[in-house]
Structures are given as structure tokens and as C-alpha cells.
Amino acid sequence: MAEDVRADKMLIFDRSRRGRAAYAQLLPETGESPAIPDHLLRKTPPALPEVSELDAVRHYTRLSQQNYSIDTQFYPLGSCTMKYNPKVCHNLASLPGFLNIHPLGLERAGQGILACLYELQEILGEITGMAGVSLACAAGAQGEFAGVAMIRAYHRLRDDLARTEMLVPDAAHGTNPASASMGGFRVREVATDSDGNVDVAALEQAVGPQTAGIMLTNPSTLGVFDQHIQAIADIVHRAGGLLYYDGANLNAIAGKVRPGDMGFDVIHLNLHKTFSTPHGGGGPGAGPVGVNDKLLPFLPLPVVVKDGLRYRMLTETERPHSIGHLVTFAGNIGVLLRAYVYVRVLGYEGLKRVAEFSTLNANYLLKKLIEAGFEPAFSQRRAAHEFIITLKRLAKERHVTALDFAKRLLDYGVHAPTVYFPLLIPECLLIEPTETESKETLDAFAQAMAAILKEAETAPDRLKNAPHSLPVRRLDEVRAARQPDLAYKSE
Amino acid sequence: MPFVPHTEDDIREMLATLGAASIEALFDEIPAELRCGALDLPPALKEMEVARLMHARAGQNRPLLCFAGAGAYEHHIPAAVWAVVSRGEFYSAYTPYQAEASQGTLQVLYEYQSMMASLTAMDVSNASLYDGATSLAEAVLMAVRTNRKSHSRRILMPKTVHPFYRRVVETIVGSQALELIELPYDAKIGRIDPGSLELHSGTDIAALVIPQVNFFGILEAVDELTDWASANGAVAIALVNPIALALLKPPGEWGKSGADIACGEGQPLGIPLSGGGPYFGFLCCRKAHLHQLPGRLVGRTVDVDGKPGFTLTLQAREQHIRRGRATSNICTNQGLMVTAATIYMALLGPEGLRRVALQSHQNTLGLMSGLAAIDGVERVFSGPFFHEAVFRTRRPTQKVMDGLAERGILGGYELTREYPELGEAILVCVTETRTQEDIEAYVREVKSLVSHG
Amino acid sequence: MSRLPDDLKYAKTHEWAKPEEDGNVRVGISDYAQEQLGDVVYVELPDVGRRVKAGEACAVVESVKAASDIYSPVSGEIVEVNGALSDAPEAINQNAYAAWLFCVKADDLSELNTLLDAEAYKAGAETD
């Protein structure tokens, strides 16, 4: 039987042939031995594939075609802000004048890059209402860690060593308590009330001299704006704690509300969310942090400053209380440049429209889904830029879960929404359309959801066994975990 | 309205569906006093205008001939790498949580894991971390978690580890009550002084970090160091350069039983210098420590029809499930960079990578021999080096670097701040991208700078 | 509802405890707990010889979707762990009461009195 030659059927290693190579890449053999003692040299070559350039290009191109992506599919993933990643950002950030600069030559030879970074710091500070910004965190989780570390440094500098607890709402994203723990704090969860707001009474009980701070996002992970934010800020500040803002949901309020004005002392932003930098199949991101005057001395380094006409980076001597460096060099410059291009294209009006149209899209879609028979988690609330529908009734009656729903959506050419987060709402779908989607896309999505709902009632197996039309069907995750096969081994 | 597709008709229809008078009405739950007015931001630009701006900014950056390493290395990146990686299906794809819709990314990550495991001669690799320094921090935290025999949380951190890495590790592990103990180096050879280890023999040490190649470019005595760690109940953490591993003995083969964990910076594998990021860090380990490995992991399995497929696995260790008790708070991996590295390694293959390593090594040998022949210039360390080395001149390093820059050369990294004991020393790197002419130009310029002083 | 042997004691955190003749207490997780967790893929057990306090987390049971801390119901020294679980963690799903995790030499057996009996545990779990 003829072998299936399609690339998606094989690993790159299966295509390997001894002696084959991408000859245009192969440097000439010099025949000289290295000036390195023999016992430090490698004896057997690494098991890297030996393929031609066309083999490699064809293989990886075919693999890309097995992915869902924003460029090809609608991605209503709640809390991820899967908006269009403008090509102009990629093109301009990839100019050779930016790509070829060595990190140790930034001040000497990278003034153009530093100018963009400096202006980005200023712009992000203005958008968030913060006095100072550092761009040197590689991802949101690093930004969170920096925020937590700055709060810790602040209290220690004041000799207040009793502040060992960080408050986190029970609806928070998992990185929040994880970052707090990594920062050396004990995590204390605060309950959410039935309106989706932090339970203020519970918060009053939870604060005390042990409170270092609270980590919040607003709008919250439940897709609603916490209307008590000013009261919350008061309670925590009066107890001597600080407020940390998780910027994951900034898309809902960009240009309309500033975290600094809500009482937050420190924030992090996810450039790969609100600021449209690409997700790249899992990264890279960037998680800049912003602080008010209280925390300026603690900002992670480097921070870019302007000295007359030249840009340079602050040193440890100038910022002795900085929490330090979180990455080797100055941060994810390539990502930062993309975000810079984006905000320059948007301006204030464009930024305001991000909040307006992401909110319009979310509320519209929520209405359409309710009309189609879905149950919202918070029927009395306006959606922010995302909302939750719960399938718990369906799950109970038809034994069809939110996961089954999500898998069936894949057959309709839509990437599933976020499933099972936040953990508080059973069998939930967290849906965030973003502002870059058109009304037709939203209508088509609502229709697909309605069709699946009908199927759930008449032919639930279609959901339980979904997806049917993708390169693979449901995968055995138990086997993947029990018998881990994490690396190819040639026979 | 850039990137927002709504027409006036769309807006009208949508508001009608909502029964809302205006888009502003949708914000009525937000207290009025929290609303900000107009922000002081630069005015919006059309694509043509922002292109003009960025071309000007890129033009402001001076393309210096690169002889700097110190954690970021200029290697030739085949055109095919970024042509394929820039495809929208890779570029704009999300984290592969919905496995059936992400088989492309997942298979790339599996192939990446396989290549890194083999390159380091370890059993398992994760799907990457942020960069080399953070992967070292994660390796240190992992060593403390896995070393059940040790209670001390004391880590031996040689001074020959990149100073920027050491400060990142301090920042990240500082709040977790770990003690980083500095190990001195032998000033003649330029590597860890084995005598300094004797001081710690018999004490409770959780882990020993072994850089290969070290910050000075010098090769360490990895077998002895690994065996010491093993004999002392310490976890051996190898901090390695992936291109060097095509030529050098991999961590899995160090000493009698190999290192336990291997980590390092993946940037040399097809990632442009880009001012310092985004890069990616790799982390590999022995099978026994698999459940303590932070970051994402891709596993091969089968679907309900028995067809092979890939999925994220062992996720219960990660933040979105374990939350406060997670192995790390890490959420993203550097997916796009790893895709590039995988394609790079596929294009280079074992022999191509070896030749890049060898050419870089030989170019550096050539440069150092040229420099050592200059009166007033000397090679600082006697130990064998890979593709970086340290030289010292009778002129202040700043003068040498400034002079070289004026002549269009990025001369290296001045060691005077972190290693003042070495005098006016510069760390220089030559990769396969430098030609004979480039190397001769460097030597010529240094000679001219040193003799006029 | 899930199986709930009468002769065992239960913790609110879903461990079962069985006192044995030699003053040891054998510990595992309840049938309800394994149902909630789903297919168990990995078990992390404490070292033999480790001292634990009542209520201290000393083991982890990992499934595809969750990782649960297991708390020792009594204070004492770990004297035995169920090594068979490293090759066959699914034994916990098959029979949660046969697939014990670890055994503690208890300092003070009266600590068992603070645990729940089958009825009380069932009532508590149902309101979860």
C-alpha cells in the first residue's frame, strides 16, 4: 500500500535520511580539530533530523495548516483578548535596523529602539494613570510577580514585617495566587458575592495588620465591573495594604477608566491581550508594570529615561531599591515594538473605541445567546468585554458538559471559548468576542451555538464525541499523563 | 476606525437589539467619577505614517559589526525559519489548550522537546520558559523541590555564571528563603576553583550550578564538578549553550551519572538579537524529576480512533489548576520562538550545527591569536574556550570600546564593572557570521587604539 | 452515592483513616474523592521516616484536571508508603479503599476521635 506522503502524518524525524542536509546552510568542513580537550567533546551527534530544506519547509508549513488561529478562525476566548494582530506591527518590528541590534549595544547603537521604549512607557503610564512604568517583564505572570515583589519591598523598607498575607478573590486567574506564593506570601481568598463583585463584608473581615495587599482585576474575571472598587480600595488602604491590578481585562475599559484612578497602586498589563501582540502558539508576551509614586523606587530594571536628546537605561546605583531584574536583558523588545506601533496607530480615539466596541460586541452577543436559550451567569449585569454563560442545567439534564459544547464548536470552525474558568461558575463558557470582530461573525457564532444547543437536546452524542471534522478526534489525555511520551526516541 | 469593522448600520442594529440608546449607555454601571476624560496620547497615525516613523527609528540604530556575546549571539538565521514562523497559523494561534484545533503547534512543540532532550542528553524537556536567566531560576527552585535529602535550601552559584543571570535568580528566588553561595574562580585558568568546593564537602547543599561554557567563554571541568555534586547529595544543574552542545559533551553524559537538570538560553537557535528579546529558555531533566518540571509539556497520545496526536499534559502541576501550590506561576511559554528554534534545528541538522559551533570556535581562536600578538594586549585566561574569550589591554576598556564603535565595531562586553579584579578586560565573541576580513579589521583597530595611548 | 465503608473514619478533606492493631493508621482517599478527581495519573507520596502533624499536607494525588493535596489525619511518623501506586495510580479509581497511600505510626490515637464517621462524612460531602 502506498505510503501516505502528507507531512501531517509524520514527525520530522521520520523524514530524516542519513547524509541528507539543507546544503545551502551547511558550512564547509575545515578539517581542523577544536582546541578543546578530548574528554570534553561530544562523541555521538545529537539526534536532530537530517532533511533537505524543502522537506523542512513542507513539513512545518503543513503543520501550521493544522492550527486554528486568529488569522483563520474566530476565537472568542474569554480573558485572552484574541483580537486581530495587525501585520503592520509585525513588519515594522521586524525591520533589520531593529532585529540586528545586540542587547549590550542598546545605548550605544540602539537609540531608535530606546526612543520607542521610552515613549511606550509614557503612553502606558498615561493610559493606566500610573506615575512610572517598567517594560522589563517577559509576560503577565512575570509582571504579577514583579507587582507582588514591589509590594513586599515597600513594606520591608518601612520595617513592617507583619504583612505576610496577600488577598486574592476566589474568582482570580490561577497566576494570581501562584505569583503571590512565589513572592513569599500566604494567600487568603476573599469570596465573591452573587452579583459578581468582591464581597465587601467578607473583605472587611479579612483585612488586618497582616495584609500586604489585594490582587484584583476590574472588570473581574466574571466579566462584570466591580462597582464597589472605591470602597474596596478604601478598606485595603486603611488597613495599610496596597492594591494590585491585574491588567488582563483592560480591553473593557481602555481609554475610559484608568486603574490609577480606581485606587490601584501597582498594575501589570498583558501586551499580548489588550495591545494586540501575537500569541504565537503560547508566547512570547510581555507584562509591563506600572506604579504610582509610592512604589517608583521599586520598579524592576531597566527603565528607560531621557537625558537631553539621548536615551539610556537607569542603573542599580540610581535605583538602589529596585526589586531587580527579571530577565537577562531589557525585556521582550520585539513584543514591545509591536505594541508601540499599535498604540501609535490607535491614538486616544482608537483606544477608546477598543473599550466601546469590545463592550458593544460582548453585550450584543450575550443578548443573542440569551435569545437562543442560553443562561447567563449574571443576568442582571451589563457585560464588560466578556461574559459567562452556564450550561449547568444542560449538564444535569442531558449529561452534556461545557467541554462537549466547546469541542462541538470546533466543528463549526470556531475556536472554543474559555471553558471551566473562572472555577466559581459550574459548566461555564467565558466568551470574549473583542472589538475586531464584525456583526456577521457574531451572528454566525450565535447561530452555531443555537444549533449545538438543539443538538444537545436531540442528539447529545454529536457533542459528546466532538470534534468530528478535525485532524484528530478527542485525545486520550489520561494515557498522555499516565504513560508520558514527551520525546521521540528512534528505534 | 482602525481594526474595528463596524459600520453605522451595524451599530444602529446592535444597539436596537440591546434596547440601548448609545454605546455609552453600556458603561452605565461604572461610577461617573471613575471615568477619565481625554488622555494625553500622541495623535493616531495611519499605517503609512507609522511606517515612516518606524523606518526613521530603525535608521537611528547604528548597525555595528558584532563581536559581543555575553548571553546573546549573532548566528546566521536561514530565510526559511521566519518565513514559515511568520505564517498566521503559527503567529496568531493561541496556546494549544484545545488540542484537536492545535495539532500543528503541539507537534512542533513535541519535536522541539525531542530535539532539546537529545541535544542535552536528558530524558525530558519542557516546551520552554522565558529566557536563559529565568530558566536557571526555575531550575534552582526545581532542584530544591526535588532534592528531598537536603533541607538547607543552599545553592552553590559560581562566579563564572553570567552576572545578569545571577541577579535575575536573586530577584526571583529572593523571597523564597533560598541562600545563594558564591563560588570563586581560578584567576589563571578562568574556571571554578575545585578547591573552593572542598569547603562545602560534607555540608548540606541543595544544588550546584555548573555553567558550560562559562561566562568567560572558558570550559569548566564538568565531570569533576558533577561527580562532586553527586557525592555530596546536591542536584547538579547544567547551564549550557545549545550551539556549543553540538560540539561539547552534553550534560546527560557528565561525570559518572550525568547532571540532573539542564537549562540555558535558546536564542542562538534561530532567534534574532532584537535588542535583547524575546528569547526563550530551555529546561530539561531526568525522568525521575518529571513531575517537578515547571512550564508546559506536550505529550504524544492517541485519539478515540487510535490515531496518533499530541496534547498538553501533566497540566495539574501548572498555575491554572494548582494555583497557589503550582510548581511555578508561569503561564506562557515562548511558543513562537520555540517554533523558530525547531525549524532552525531541522534545517541545520546535527552536522550543520556542529559546523556552526566549530567555525565560531575557530574564528575566536583566530581573533585571540591575533590580539595576543599585539604589544600591550594579553589573553587573560589559560583555559580552553569555546567561542568567547577575555583579553586585557593597557588602555581603559571604555576607550577601547568607544574607539571600536567609532570604527563601526561593537567590541564586546566590558568586564570592569562585574569583575574589577581582572583589570581593563573585555569579553569578546566571534561567531561563524564574522569573516576573515572582519577579524583582521578588529585586530587592526585594537592595535591602533592600544598603541596610541 | 459512592461507597462508604462503615468501619473507617473520614476527614472533611476526603481522606479515610483505618486504625490498625500495631497503633498505625492507614490512610487513603474516599470513593467520592476519586470520583471528583477523575482518572488518577500520578501520586506523590511522602518519604518513609518523615514526621507529620495532623492536618499537614504530605501527599498529592494528580488527575488530568486537578492536583489534590492529601492531609495526614493524625500526627506521627510515616512508616510505610504504597509504592505500587507509582506504576498503577489508577488503582485508586478502581478501589479507593484498597489503594491506601501511606501509613502513619500515630503519636496519639485519640486524634482519630476528631474525624467523622461514615454518616457525618456523607452529610458533609453532599453539601459540597
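Visitor: How many residues of chain A are in contact with chain B?

Guide: Two residues are in contact if their C-beta atoms, placed from the backbone, lie within 7 Å. By that rule, 162 residues of chain A are in contact with 162 residues of chain B. This is a predicted model, where local features need pLDDT of at least 70 and side-chain atom pairs count only at pLDDT 80 or more, while totals for chains, interfaces and linings use all residues. Residues are numbered from 1 along each chain as its sequence is written, and chains are lettered from A and ligands numbered from 1 in the order in which they are written.

Visitor: Which helix gives the most to the side of chain A that touches chain B?

Guide: Helices (H or I, at least four residues) and strands (E, at least two) are DSSP runs, numbered from the N terminus. Helix α10 (residues 333-371) of chain A gives the most, with 19 residues.

Visitor: How do the residues on that side of chain A divide by class?

Guide: Ala, Val, Leu, Ile, Met, Phe, Trp, Tyr, Cys and Pro count as nonpolar, Asp, Glu, Lys and Arg as charged, and the others, Gly among them, as polar. The side of chain A that touches chain B has 87 nonpolar, 47 polar and 28 charged residues.

Visitor: How many residues of chain C are in contact with chain A?

Guide: Five residues of chain C are in contact with four of chain A. On the chain C side, they divide into four nonpolar, no polar and one charged.

Visitor: What does the secondary structure of chain C come to?

Guide: Chain C has four helices and nine strands, and along the sequence they follow the pattern β-β-β-α-β-β-β-β-β-α-α-β-α.

Visitor: What is the radius of gyration of chain C?

Guide: The radius is taken over C-alpha atoms, and the globule rule is 2.2 Å times the number of residues to the power 0.38. For chain C the radius of gyration is 13 Å, close to the 14 Å that the rule gives for 128 residues, so chain C is as compact as a globular protein of that length. Its C-alpha atoms fill a box of roughly 35 × 35 × 20 Å, taken along the principal axes.

Visitor: Among contacts in chain C between residues at least 6 apart in sequence, what share join residues at least 24 apart?

Guide: For chain C that share is 65%.

Visitor: Back in chain A, which residues of α6(A) meet α7(A)?

Guide: A:Gly140, A:Ala141, A:Glu144, A:Phe145 and A:Val148 in α6(A) meet A:Thr175, A:Asn176, A:Ser179, A:Ala180 and A:Met182 in α7(A). The residues of this contact divide into five nonpolar, four polar and one charged.
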